[in-house]
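Have the viewer open as you read.

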Amino acid sequence: MDCNTVHDRLAAWLDGELAPADQRWLEQHLERCMGCSQQAADLAEQQELLEQLPPPSLPRLHEASFWAPMQAKLAPALDELQRRPQPKPPKPSFWRRELAITPVAITIYGALMAALLLWSVRLNVELDAADAQIQDLTQQVERSERLDAAPLPLPAEPEPAYANDSFRPVNYTPERGHF
Ligand SMILES: [Zn+2]
């Protein structure tokens, strides 16, 4: 082991972390080597100083004195934020509110439209059937009315044949008073 190896292991030696064989060897080297023993002494002194320092402590979060300065700095900014007028969220329009296009609404509209379509188709079929019936009845009524109103025409009377034009039946006309 050379001096460099000793330097690398001095801290571990001071902390008592070396294997016994290594520790023996290192201590023998320190007795012989002035440079390494000096370095070991320096390191030991540094460690002693570090141990004398107060342990690092977390900020005392629970103490008001820790928060007071921060609050003093933050308070004005918070106040200003609160004073600033809040932009009102835009009100949704009537149709947007009442007929919001949501998946549920789409499903309901679709079902309604399908039901309406089916219903109208069925209604059409029924209406067509009713129409045909009405037409049939109307024709029957018209036929019977025609028969009532116009009884079969009587056979036309044949005009009597006259020998000549000297005698003709003349219709009586009261204005003339005579024949
Ligand atoms: Zn040495």
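At 1.5 Å a residue, the 47 residues of helix 6 (residues 103-149) should span 69 Å, and the end C-alpha atoms are 67 Å apart, which agrees; the expected span is 1.5 Å times one less than the number of residues. Helices here are DSSP runs (H or I, at least four residues) numbered from the N terminus. This is a predicted model: local features need pLDDT of at least 70, side-chain atom pairs count only at pLDDT 80 or more, and totals for chains, interfaces and linings use all residues. Residues are numbered from 1 along each chain as its sequence is written.

Of those 47 residues in helix 6, the number buried is zero, so helix 6 lies largely in the open. Buried takes 20 or more other C-beta atoms within 10 Å of a residue's own, with C-beta atoms placed from the backbone.

Now for helix 1, with two partners:

| Pair | Angle | Axis distance |
|---|---|---|
| Helix 1 (residues 3-14) and helix 3 (residues 34-52) | about 30° | 10 Å |
| Helix 1 and helix 2 (residues 20-32) | roughly 115° | within 11 Å |

Angles run from 0 to 180 degrees between N-to-C directions. Helix 1 and helix 3 are therefore roughly parallel (angles under 35 degrees). Their contact draws on Cys3, Val6, His7, Leu10, Ala11 and Leu14 of helix 1 and on Gly35, Cys36, Gln39, Ala40, Leu43, Ala44 and Gln47 of helix 3, where contact means C-beta atoms within 7 Å, placed from the backbone.

With helix 2, the contact involves Val6, Arg9 and Trp13 of helix 1, plus Asp22, Gln23, Leu26 and His29 of helix 2.

Note on methods:
Helices (H or I, at least four residues) and strands (E, at least two) are DSSP runs, numbered from the N terminus. Angles under 35 degrees count as roughly parallel, over 145 as roughly antiparallel, 65 to 115 as roughly perpendicular and the rest as oblique. Two residues are in contact if their C-beta atoms, placed from the backbone, lie within 7 Å. A residue is buried if 20 or more other C-beta atoms lie within 10 Å of its own, exposed if 12 or fewer, and partly exposed in between; C-beta atoms are placed from the backbone.
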